[in-house]
Number of protein chains: 2
Amino acid sequence: MEIKGEIMKLVAKRLDMDAGGKLVAVMNKNDAEELGIKPLNRIFVRFKKKIITCIVNISENFVKEGEILLYNEAWNILGLKNFDIVEIEKRPELISKTFIRKKINGKRISEEEIKEIVKDVVNNNLNDLELAAFITALQIHGLSLDEEVAFVKAMTEVGKRLELKRKKIVCDKHSLGGVPGDKTTILLVPIIASLGLTIPKTSSRAITSAAGTADRMECLAPVNLSLEEMKRVVEKTNGCIVWGGSVDISPADDLFIRIEQPLNLDPLYIPSILSKKKAVGATHLVIDLPTGRGTKIKTFGEAFDVASEFIKVSKKLGINAACAVTFGEQPVGYTIGPALEAREALEALITRKEPEDLIDKACSLAGILLEMIGKGNKNLALKAIKSGKAEKKIREIIEEQGGKRNISPEDIKIGEKQVNIFSRKNGIVMWIKNNELAELAKIAGAPKDRGAGIKLHVKIGDRVKENDKLFTIYAEKSIKLQEAEKYAKEIEPIVVVEDLKKNMLIKIIKEEGFERSFILER
Amino acid sequence: MEIKGEIMKLVAKRLDMDAGGKLVAVMNKNDAEELGIKPLNRIFVRFKKKIITCIVNISENFVKEGEILLYNEAWNILGLKNFDIVEIEKRPELISKTFIRKKINGKRISEEEIKEIVKDVVNNNLNDLELAAFITALQIHGLSLDEEVAFVKAMTEVGKRLELKRKKIVCDKHSLGGVPGDKTTILLVPIIASLGLTIPKTSSRAITSAAGTADRMECLAPVNLSLEEMKRVVEKTNGCIVWGGSVDISPADDLFIRIEQPLNLDPLYIPSILSKKKAVGATHLVIDLPTGRGTKIKTFGEAFDVASEFIKVSKKLGINAACAVTFGEQPVGYTIGPALEAREALEALITRKEPEDLIDKACSLAGILLEMIGKGNKNLALKAIKSGKAEKKIREIIEEQGGKRNISPEDIKIGEKQVNIFSRKNGIVMWIKNNELAELAKIAGAPKDRGAGIKLHVKIGDRVKENDKLFTIYAEKSIKLQEAEKYAKEIEPIVVVEDLKKNMLIKIIKEEGFERSFILER
């Protein structure tokens with residue numbers, strides 16, 4: 001054992017175990033104490049010209065003094081053989097931790113400081129405790145406009161970027177979600193692309209919902225494209241719909257989301273969304289804010305607050321953004337679940353007529369983009385549908401992404417196990433429970449079982465008779481269908497009001513209590 | 001001029017002017033200074049055995065030293081002749097002002113302290129500034145349960161009380177309001193009374209609405225009854241519907257409301273309501289909380305909060321209270337405006353069938369009272385309607401209050417000027433704007449013009465065709481009808497959605513902005 005300043009040379013031995021992707025080393029207790037290293041501290045491990053950062057585990061007997069054990073991941077990166085000599089050094093305290101403490105103490109952090117933090121996040125230098133504290137501080141103190149902008153820039157910098165040749169105008173679209181069955185993107189992208197405009201769309205998979213746009217599109221064509229493949233598709237067809245996770249444009253975002261989700265906090269949702277738009281070079285962006293009881297955004301006021309933030313931050317980033325408040329109190333179209341939705345979206349492009357709300361929504365949002373650019377309006381979008389240009393375009397995109405160009409709706413396999421749910425009374429559909437419908441589709445197997453989901457036969461305002469079909473549940477497995485049927489009967493996701501006039505009393509309160517929801521939402 | 005301790009004798013002269021009910025005296029500046037009296041201070045004025053409290057105005061020349069001018073109201077109470085000698089004395093600082101400051105400083109005030117304040121309010125000893133400060137402090141700091149209870153007791157004590165012989169059970173009903181056209185009380189009172197139970201109902205006139213229950217009932221029978229007359233009616237028929245203002249059961253409440261309304265604050269709404277119930281000796285109380293977008297209470301959570309407060313305070317007062325959450329997103333029945341509503345309520349009792357929602361609501365609330373008492377349920381209430389017992393009972397009550405027993409709906413005069421508003425499209429009625437409808441009825445003349453108002457031809461969920469009648473506006477004066485028609489066309493209080501499926505985009509936001517409302521409420 002030789003000591004040279006703060007550097008220690010140790011004999012490396014392989015510990016033939018995987019650490020789940022993390023770089024982990026095990027040191028002897030005495031060696032660690034000598035360098036002032038505690039368990040879970042980070043060390044630099046140097047071999048020849050390679051340096052990695054490892055998390056330290058400490059052992060009294062399992063590893064001898066003068067030796068160091070390295071898990072497979074670290075071992076392989078360094079390309080070690082047993083008994084190679086590595087140099088180790090305690091990693092100094094991260095400067096980004098100082099900036100995190102600054103934010104915790106309620107101070108603003110600068111663009112440079114945010115860059116440093118995001119860099120350390122991406123390099124896995126910050127542990128979960130530190131990230132949880134940071135996310136919590138962001139949530140409590142909020143972000144200034146400058147901080148939001150700095151986050152977008154920092155998050156974009158650490159990821160890959162889509163660089164398209166000779167494209168001055170790049171369109172993009174985002175939805176804040178909260179409405180099940182929203183397959184608008186699958187119509188909007190080919191509409192825009194068919195009009196000669198560029199729209200390199202990345203989408204997410206379902207996180208808590210029954211289907212994300214990436215899940216839907218995957219029933220039509222592969223979506224796990226690399227950034228290079230995505231570029232090729234867009235340069236050939238003007239558009240694409242790929243999974244954002246595979247193109248690696250915002251690695252920081254994925255890491256933040258991993259912390260935010262279990263905490264149910266989302267202080268970074270605006271930078272997170274806009275960093276992905278910035279990464280694909282978007283210049284014009286329409287943001288869909290589905291609004292209404294039973295969605296994420298309940299009131300106009302909330303929509304305005306969210307829209308204002310998006311617009312302010314976008315402006316600073318040089319993105320021309322507009323927000324669309326859309327009716328969000330029921331699913332878009334009639335289907336929920338990857339395959340059912342893909343089928344419905346494809347049918348809409350083929351029939352060019354139905355479902356009307358889906359076509360109306362896609363054309364409205366496309367129209368906003370066209371008006372921003374000064375190249376048309378909703379009518380032009382509608383023409384792209386009616387003329388079949390949009391259908392032709394989606395088929396090109398499907399083919400270029402690696403799917404079957406002439407795919408027909410019937411080619412998309414939907415769950416063979418089916419059960420119908422009927423109305424128990426005559427009346428009018430007054431309310432559709434968005435969250436419960438999504439949950440039901442998930443119980444039936446969506447999004448993992450692609451063919452699982454729900455097909456509605458009625459929407460709000462429709463009159464139904466007793467024993468009319470309200471909706472059909474599709475599943476791939478009988479057991480899941482049974483569970484879903486049971487749940488459906490319990491929650492009654494489609495509220496038929498026999499007659500508002502005969503149901504004036506909604507609840508009697510005799511004791512103190514508590515509950516938060518709108519009348520029809522309960 | 002003679003000085004005896006702090007008492008000053010002055011020569012009284014009449015100032016032949018009315019002070020709007022206030023007791024006002026004008027003193028010479030020098031006399032006032034001698035006693036340390038400033039403008040708007042209070043003084044005691046004594047003549048023979050009578051003592052009154054007067055507000056002081058001060059003049060340099062208009063009144064001579066050694067004299068005092070008294071406005072008509074004060075002059076008459078004391079029974080003075082010109083040149084009578086009165087004794088005056090500066091009224092000491094009120095102890096209740098100390099208690100008000102205590103509340104302003106965020107401290108709780110005791111039952112005794114609240115009694116003192118309420119007493120001084122009723123005796124007009126506190127001026128508007130003091131009351132405004134007090135109301136504001138109550139709003140900011142809130143009231144503890146004990147304070148709410150103490151207010152009810154104090155407010156009840158300073159008013160008259162209804163003492164009914166041999167009545168162990170006394171029913172009552174209250175609605176928090178917010179829904180136009182709510183004529184439920186006119187059905188509920190005769191239902192309850194016809195079943196042998198006592199319900200001495202006092203109601204309010206319209207404050208900001210198009211009709212209060214007192215205004216509605218007044219189209220059927222006089223409602224300005226004294227407490228003695230009210231007692232006679234109730235002892236004969238088991239029920240009544242009279243104006244709360246005329247029976248003088250909660251004078252403190254009227255004085256608090258006079259301050260609260262212009263400030264748009266209502267910290268005392270629960271004590272205020274319950275003091276009136278306590279004053280009529282209520283033992284069982286049902287409180288209607290109309291809930292929904294477009295009403296006062298928007299969500300279940302709010303309804304629960306309000307209900308909890310009512311139930312807690314009622315319990316402490318020995319009142320058995322239950323709250324009913326009712327559907328409040330559209331008017332009850334089809335009419336708005338005193339005469340139209342009185343007609344509709346009477347028709348409901350005669351036809352025993354329609355409007356269904358009105359009958360359903362009245363029977364539901366009556367059912368809650370019956371179940372609390374253990375004497376039946378909603379079905380029994382419905383039987384009272386169907387059998388005609390309720391109709392018979394309202395006619396008895398009408399007669400005893402001084403109305404025409406055999407009054408028919410056609411006897412109730414409604415506005416002769418009428419205009420129909422038609423639908424501009426085919427579609428479904430998705431939303432009715434409560435506040436705008438009330439405003440419209442007021443523009444047409446309600447509640448002052450009793451025959452003015454609105455009759456709806458459709459309710460939520462109804463399908464309409466283009467040019468179908470949506471509603472009729474009634475007025476007594478052409479000019480008001482014209483204004484109302486103009487307003488109606490501007491605000492479109494009945495929202496017909498041609499097709500939800502064709503109207504997915506509700507608003508585009510391109511700039512930062514602000515607005516608070518639900519999607520359909522805009």
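Colleague: Where does B:Asp248 lie in chain B?
Modeller: B:Asp248 lies in the loop between α10 (244-247) and α11 of chain B, where helices (H or I, at least four residues) and strands (E, at least two) are DSSP runs numbered from the N terminus. This is a predicted model, in which local features need pLDDT of at least 70 and side-chain atom pairs count only at pLDDT 80 or more, while totals for chains, interfaces and linings use all residues. Residues are numbered from 1 along each chain as its sequence is written, chains are lettered from A and ligands numbered from 1 in the order in which they are written, and side-chain values use heavy atoms, with hydrogens and water left out.

Colleague: And what is the phi of B:Asp248?
Modeller: Phi is positive, about 60°, although B:Asp248 is not a glycine. Most residues other than glycine have a negative phi, and most peptide bonds are trans. With a relative accessible area of 35%, B:Asp248 is partly exposed (buried means under 20% relative accessible area, exposed over 50%, partly exposed in between, with a 1.4 Å probe and protein chains only).

Colleague: What about A:Asn467, buried or exposed?
Modeller: A:Asn467 counts as exposed, at 54% relative accessibility, and is found in the loop between β17 (463-464) and β18 (469-475) of chain A. Its phi is near 75°, again a positive value in a residue other than glycine.

Colleague: Which residues does a cis peptide bond join in chain A?
Modeller: A cis bond joins A:Ala446 and A:Pro447, with omega about 0°, and A:Pro447 sits in the loop between α18 (434-443) and β16 (453-456) of chain A. In chain B, a cis bond with omega about 0° joins B:Ala446 and B:Pro447.

Colleague: Switching to packing, at what angle do α4 and α11 of chain B cross?
Modeller: The axes of α4 (residues 111-122) and α11 (residues 251-263) of chain B come within 9 Å and cross at roughly 80°, which makes α4(B) roughly perpendicular to α11(B). Axes are lines fitted to C-alpha atoms, for helices over the stretch in contact, with angles from 0 to 180 degrees between N-to-C directions; under 35 degrees counts as roughly parallel, over 145 as roughly antiparallel, 65 to 115 as roughly perpendicular and the rest as oblique.

Colleague: Which residues meet there?
Modeller: B:Val118, B:Val121 and B:Val122 in α4(B) meet B:Ala252, B:Leu255 and B:Phe256 in α11(B), contact meaning heavy atoms within 4.5 Å.

Colleague: How many aromatic pairs are there over all chains?
Modeller: The count comes to eight aromatic pairs over all chains, where rings of Phe, Tyr and Trp (its six-membered ring) pair if their centres lie within 6.5 Å, and planes under 30 degrees apart count as stacked, over 60 as edge-to-face and the rest as tilted. The rings of A:Phe300 and A:Phe304 have centres 6.5 Å apart and planes at 35°, so that pair is tilted. Both A:Phe300 and A:Phe304 are buried. B:Tyr269 and B:Phe310, in contrast, form an edge-to-face pair, 6.1 Å centre to centre with 80° between the planes. B:Tyr269 is partly exposed at 26% relative accessible area, whereas B:Phe310 counts as buried at 0%.

Colleague: Last one, what rotation superposes chain B on chain A?
Modeller: A rotation of 180° with 0.1 Å of shift along its axis superposes chain B on chain A, with an RMSD of 0.3 Å, and that is the relation of a two-fold axis. The superposition is by least squares on C-alpha atoms of residues with pLDDT of at least 70 in both copies. B:Gly461 is the residue of chain B that comes closest to the rotation axis, at 3.3 Å (C-alpha).
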